[in-house]
Amino acid sequence: MARPDLRRNDEMRKVKITPNYTMYAEGSVLIEMGNTKVICTASVEDKVPPFLEGQGLGWVTAEYAMLPRATNTRKKRDIKSLKLDGRSSEIQRLIGRALRAVVDRAALGERQITIDCDVIQADGGTRCAAITGGFVALWLACKKLLQDGVIETMPLTNHVSAVSAGIFEDEAILDLCYAEDSHAIVDCNIVMTGTGEFIEIQGTGEGRPFTKEELNKLISLGKKGTGKLCRDQKRITGELGK
């Protein structure tokens with residue numbers, strides 16, 4: 001089987017993370033995974049949701065959106081229907097869960113950091129790119145709080161990255177582009193820490209059920225991909241706490 005871009009089955013697309021991409025947010029990056037491009041910004045507010053007030057704990061949340069011409073045909077903005085579409089809502093909850101898994105909320109204090117993930121070009125794997133880039137934007141924001149003396153210790157306990165894997169033409173492949181994702185028999189998104197722990201595994205049999213052996217292959221590919229993404233992150237963040 002030849003992949004559309006002629007990569008090996010276990011080969012990632014080219015990844016580029018550009019830090020400090022915008023001038024106002026406390027943390028920002030442009031992440032490019034192949035032709036998928038996502039701007040991730042981290043905004044700090046000195047308040048928390050009402051259910052956390054007075055507990056001394058911080059909060060990290062996320063919002064996700066796709067620009068109208070991020071895809072090959074124009075997608076209407078959510079504001080047209082006065083509500084967030086189901087896909088965007090599901091993705092932003094995933095991003096928030098993934099990032100909160102490595103946040104020491106007591107060290108963050110009673111403040112909220114919102115990660116905005118805006119897809120400017122989509123070619124598969126946008127939620128994975130948003131998590132991977134969103135973590136770096138979050139780290140930049142936390143680093144600024146630390147340098148400004150607002151917090152005393154880095155509240156991030158580990159790195160987080162995410163990658164897709166799937167069964168395409170009955171073969172397990174890593175980091176699916178849109179041409180592969182749209183025809184995948186099995187679609188999986190794997191979120192992991194920098195030390196190899198799982199945060200979330202989303203796997204769906206799109207064309208048929210899949211076996212435990214196939215799932216194990218996808219998980220192995222995911223571990224390889226997230227390991228590579230973590231190394232890309234560390235070129236910006238270094239080792240946490242140092």
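How many salt bridges does the structure hold? The structure holds 20 salt bridges, a salt bridge being a side-chain nitrogen of Lys or Arg within 4 Å of a carboxyl oxygen of Asp or Glu. The model is predicted: local features need pLDDT of at least 70, side-chain atom pairs count only at pLDDT 80 or more, and totals for chains, interfaces and linings use all residues. Residues are numbered from 1 along each chain as its sequence is written, and side-chain values use heavy atoms, with hydrogens and water left out.

Aspartate 175 sits in the loop between E7 and helix H4 (178-181), and arginine 13 in the segment before strand E1 (15-19), so the pair ties together parts that are 162 residues apart in sequence. Helices (H or I, at least four residues) and strands (E, at least two) are DSSP runs, numbered from the N terminus. Aspartate 175 is buried at 1% relative accessibility. Arginine 13 is buried at 5%. Buried means under 20% relative accessible area, exposed over 50%, and partly exposed in between (1.4 Å probe, protein chains only). Both residues belong to a network of salt bridges that also links Arg3, Asp5, Arg7 and Glu180.

Strands E7, E6, E8 and E9 form an open sheet in that order, with antiparallel pairing. Strands E7 (171-174) and E9 (198-205) stand at the edges; each has a single partner strand, so one side of each lacks a neighbour in the sheet. Two strands pair if DSSP finds at least two bridges between them. Strand E8 (residues 186-193) and E9 pair over seven bridges. Methionine 192 has phenylalanine 198, in E9, as its bridge partner.

Glutamate 200 pairs with arginine 97, the closest N and O atoms being 2.7 Å apart. Glutamate 200 lies in E9 and arginine 97 in H1, 103 residues apart. Glutamate 200 is buried at 18% relative accessibility, whereas arginine 97 is partly exposed at 35%. Arginine 97 touches Glu200 and Gln202, not counting residues up to four places away in sequence; contact means heavy atoms within 4.5 Å.

The structure holds one aromatic pair. Rings of Phe, Tyr and Trp (its six-membered ring) pair if their centres lie within 6.5 Å; planes under 30 degrees apart count as stacked, over 60 as edge-to-face and the rest as tilted. Phenylalanine 51 is exposed at 51%, while tryptophan 59 is buried at 17%.
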